[in-house]
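This report describes a single structure through its strands, its ring pairs and its charged side chains. The sequence and the coordinates come first.

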Amino acid sequence: RVQLVESGGGSVQAGGSLRLSCAASLSTYSIYSISAMAWFRQAPGGEREGVAHISTGDGSTYYADSVKGRFTISQDNSKNTLYLQMNSLQPEDTAMYYCAADLTDIATIHPRQLMESSYNYWGQGTQVTVSS
């Protein structure tokens, strides 16, 4: 069983920054069983979309075009924590942000990095609101 807990959401003005965190705990598997992690977001009335991905083994990353150059995904294996640094935030970034984990390796295979179906564990989400 894998538990993911997000934190760091909040309200900021356009142009501001936030850093989201996702703490992972595993009761059955080792933390090294996680193949990949990602951040997704879902705006009100919208579908969940992949934002950023990281393969935990080699640290390779993959981003949605809408956040390239503004968001950075990273991991701290010593703390079992995933991060999303978000800069130059815009009102269209307003959404509930979720972290997700893949233990099957499927999310490491292009082009599955930002597909919702590639991940089998999800957090509860943290709200990000950006005002103009």
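## Basis

The model is predicted: local features need pLDDT of at least 70, side-chain atom pairs count only at pLDDT 80 or more, and totals for chains, interfaces and linings use all residues. Residues are numbered from 1 along each chain as its sequence is written, and side-chain values use heavy atoms, with hydrogens and water left out.

## The open sheet

Strands are DSSP runs (E, at least two residues), numbered from the N terminus, as are helices (H or I, at least four). Two strands count as paired if DSSP finds at least two bridges between them. In general, strands of a sheet pair through backbone hydrogen bonds, either parallel or antiparallel. Here 4 strands make an open sheet in the order β1-β3-β8-β7, with antiparallel pairing. The edges are β1 and β7 (71–76), each with a single partner strand, so one side of each has no neighbour in the sheet. On average, neighbouring strands of this sheet are turned by 15° against each other, direction ignored; the axes are lines fitted to C-alpha atoms (for helices over the stretch in contact), and angles run from 0 to 180 degrees between N-to-C directions.

Strand β1 (residues 2–7) has Val2, Leu4 and Glu6 on its covered face, while Gln3, Val5 and Ser7 are on the uncovered one.

## Aromatic pairs

Rings of Phe, Tyr and Trp (its six-membered ring) pair if their centres lie within 6.5 Å; planes under 30 degrees apart count as stacked, over 60 as edge-to-face and the rest as tilted. The count comes to 3 aromatic pairs. One of them joins phenylalanine 40 and tyrosine 119, edge-to-face, at 5.5 Å centre to centre and 75° between the planes. This pair links distant parts of the chain, 79 residues apart: phenylalanine 40 is in strand β4 (residues 36–42), and tyrosine 119 is in the loop between β9 (95–102) and β10 (121–122). Tyrosine 119 also pairs with tryptophan 122; the ring centres are 6.4 Å apart and the planes lie at 70°, so this pair is edge-to-face. Phe40, Tyr119 and Trp122 form one aromatic cluster.

Accessibility is given as relative accessible area: buried means under 20%, exposed over 50%, and partly exposed in between (1.4 Å probe, protein chains only). Phenylalanine 40 is buried at 0%, and tyrosine 119 is buried at 5%. Tryptophan 122 is partly exposed at 25%.

A charge sits over a ring if NZ of Lys or CZ of Arg is within 6 Å of the ring centre and within 35 degrees of the ring normal. The charged end of arginine 48 sits over the ring of tyrosine 98, 4.1 Å from its centre. Arginine 48 also lies over the face of tryptophan 122, at 4.6 Å from the ring centre. At 25% relative accessibility, arginine 48 is partly exposed.

The structure holds 5 salt bridges, each a side-chain nitrogen of Lys or Arg within 4 Å of a carboxyl oxygen of Asp or Glu. In one of them, glutamate 116 meets arginine 48, with the closest N and O atoms 3.9 Å apart. Glutamate 116 lies in the loop between β9 and β10 and arginine 48 in the loop between β4 and β5 (49–55), so the bridge ties together parts 68 residues apart in sequence. Glutamate 116 is partly exposed at 39%. Aspartate 93 bridges to arginine 41 at 2.9 Å between the closest N and O atoms, and both residues are buried. Arg41, Glu49, Arg70 and Asp93 are linked in a network of salt bridges. Lysine 68 and aspartate 65 form a salt bridge at 3.2 Å, N to O; both are exposed.

## Valine 51

Valine 51 is in strand β5 and is buried at 1% relative accessibility. Leaving aside neighbours within four places in sequence, its contacts (heavy atoms within 4.5 Å) include Trp39, Phe40, Arg41, Tyr62 and Leu114.
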